[in-house]
Amino acid sequence: LLVFAGCAKQADAPAADGQTSDVLIGISMPTHSDESWLRHCEFTKDFLRELGYTKFDEQWAEDVPATQVNQIENMITKGAKVLVVASVDGGALTEVLAKAAKQGVKVIAYDRLLMNTPDVDCYVTFDNTKVGEAEAKYIIEKLGLDTGAEGPFNLEIFCGSPDDNNSYYFYDGAIALLQPYIDEGKIVVKSGQFGIEQCGIQNWDGAVAQTRMDNLITAYYSDGSTLDAVLVPYDGLSIGVISSLKNAGYGTADRPLPIVTGQDAEVASVKSIIAGEQAQTVWKDFRKPAEICAQMVDALVKGTEIPVNDTTTYDNGVKVVPAYLCEVDNIDASNYMKLFESGFYDKADDTWAGIVE
Ligand code: GAL
């Protein structure tokens with residue numbers, strides 16, 4: 001019934017045969033500086049094209065919230081019917097989204113939740129709690145804590161950008177599993193720094209993470225004590241952390257690198273894993289949310305049922321936003337070939353020459 005209602009509405013649309021091809025979709029992306037977003041955006045457009053959408057207004061805010069506000073405003077002016085928004089600052093768009101709602105424009109939060117607004121229709125992301133859990137589980141397992149190792153092991157913590165709601169889910173998922181070992185004294189955080197406020201890296205900036213790691217080493221590890229693990233929630237930060245550790249003399253037979261985690265399976269991190277430096281990354285197959293996002297767009301355009309699988313978790317401060325959570329996977333040196341076998345990466349690409357056979 002809903003489908004027919006949707007079709008009936010579309011009878012007024014300008015192109016009788018391909019209603020979808022005339023609909024303008026706004027795609028608002030946070031930054032080119034994290035490789036992941038390029039792939040998210042390309043996959044999303046691919047799936048939209050498969051459903052017949054051809055008109056996109058694609059804009060990149062380059063990590064400046066005010067730029068994103070302007071870009072979204074322009075999308076509304078240009079007549080976009082649906083906005084796909086991966087936010088820079090999830091809480092900075094309330095006003096512009098109210099304008100969108102006034103014009104009847106539908107809004108999908110992509111990967112990062114849009115906060116403090118009633119004007120978001122749905123959300124597609126990964127199970128962000130499980131991302132943090134996967135990183136913590138990996139550390140616990142590799143330190144042998146789950147099989148009786150007593151430690152104490154030294155660990156430091158990095159968090160994501162404080163303006164990204166995901167950062168809190170990643171941290172909460174991880175710390176819930178690490179805390180019992182910290183309480184027992186089997187894991188020691190020598191800096192005493194916990195939580196987003198102390199460990200957050202604004203804009204997920206790898207250079208800032210590198211500097212923070214430098215400072216932690218100088219302040220807490222120059223007494224000869226060794227760092228055994230670093231909880232890091234994103235590959236772009238992991239690479240910065242590893243550079244810092246190597247500059248400080250880690251990465252030799254006598255002084256191996258600590259276990260460093262990550263997320264996104266970015267090219268540099270997959271190479272680092274293959275080279276035996278970064279230990280782990282959480283692989284999020286971006287094709288999945290892209291596909292769901294395209295289905296959400298289509299449902300919002302046609303007035304049909306929106307695909308969701310979680311209606312309780314993602315409270316944005318005003319309402320619980322109906323969400324579709326995609327599954328995550330764990331990648332390390334033992335199973336990185338999955339990335340190639342699944343077609344997520346193509347080993348024939350020049351970037352993998354001499355690295356992946
Ligand atoms: C998060 C996202 C991560 C990572 C990070 C830095 O919002 O969920 O996968 O990409 O941003 O860009």
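This briefing walks through a ligand site and several residues of one protein model.

The model is predicted, so local features need pLDDT of at least 70, side-chain atom pairs count only at pLDDT 80 or more, and totals for chains, interfaces and linings use all residues. Residues are numbered from 1 along each chain as its sequence is written, and side-chain values use heavy atoms, with hydrogens and water left out.

**The ligand site**

- The ligand sits in the largest cavity. A cavity is a set of points, on a 1 Å grid over the protein atoms alone, where a 1.4 Å probe fits but cannot get out. To sit there, a molecule needs more than half of its atoms within 2 Å of the cavity's grid points.
- The residues around the ligand are Asp34, Trp37, Asp111, Arg112, Asp164, Asn166, Phe170, Trp204, Tyr234, Gln263, Asp264 and Lys284. Such a residue has a heavy atom within 4 Å of the molecule.
- Aspartate 34 has a polar side-chain atom 2.6 Å from a ligand oxygen. For asparagine 166, the distance from a polar side-chain atom to a ligand oxygen is 3.0 Å. Lysine 284 places a side-chain N or O atom 2.9 Å from an oxygen of the ligand.
- The ligand taken alone exposes 300 Å², and the protein buries 100% of that. Accessible areas come from the Shrake-Rupley method with a 1.4 Å probe; for residues, only the protein chains shown count as cover.

**Glutamine 68**

- Glutamine 68 belongs to helix H3, residues 65-78. Helices (H or I, at least four residues) and strands (E, at least two) are DSSP runs, numbered from the N terminus.
- Glutamine 68 counts as buried because its relative accessibility is 1%. The cut-offs are under 20% relative accessible area for buried, over 50% for exposed, and partly exposed in between (1.4 Å probe, protein chains only).
- Beyond neighbours within four places in sequence, glutamine 68 is in contact with residues including Ser28, Met29, Ala61 and Leu93. Contact means heavy atoms within 4.5 Å.
- The side chains of glutamine 68 and serine 28 form a polar contact of 2.9 Å. A polar contact is a pair of N or O atoms within 3.5 Å; within protein, one must be able to donate a hydrogen and the other to accept it, and residues adjacent in sequence count only if both atoms are side-chain atoms.
- Glycine 144 is 76 residues from glutamine 68 in sequence. Their C-alpha atoms are 45 Å apart.

- Histidine 40 is in helix H2, residues 35-50. With a relative accessible area of 2%, histidine 40 is buried.
- Leaving aside neighbours within four places in sequence, histidine 40 is in contact with Tyr110, Phe126, Phe286, Pro289 and Ala290.
- Threonine 281 is part of strand E10, residues 280-283. Its relative accessible area is 0%, so threonine 281 is buried.
- A polar side-chain atom of threonine 281 lies 3.5 Å from the backbone nitrogen of aspartate 264.
- Threonine 281 also touches Asp235, Gly262 and Asn330, among others, not counting residues up to four places away in sequence.

**Glutamate 58**

- Glutamate 58 is in strand E2. At 27% relative accessibility, glutamate 58 is partly exposed.
- The side chain of glutamate 58 makes a polar contact of 2.5 Å with that of lysine 45. A second polar contact, of 2.7 Å, joins the side chains of glutamate 58 and tryptophan 60.

**Loops and backbone angles**

- Threonine 54 is in the loop between H2 and strand E2 (55-60). Its side chain reaches the backbone oxygen of serine 21 at 3.2 Å.
- Aspartate 111 is in the loop between strands E4 (106-110) and E5 (122-126). Its phi is near 65°, a positive value in a residue other than glycine. Aspartate 111 is buried, at 5% relative accessible area.
- Asparagine 116 is found in the loop between E4 and E5. Its phi is near 55°, also positive in a residue other than glycine. Asparagine 116 is partly exposed, at 43%.
- Glycine 151 and proline 152 are joined by a cis peptide bond, with omega about 0°. Proline 152 is in the loop between helix H5 (128-143) and strand E6 (153-157).

Key: 1 Å grid on protein atoms, 1.4 Å probe; cavity = no way out; pocket = protein on both sides within 12 Å on 5 of 7 lines; lining within 4 Å.
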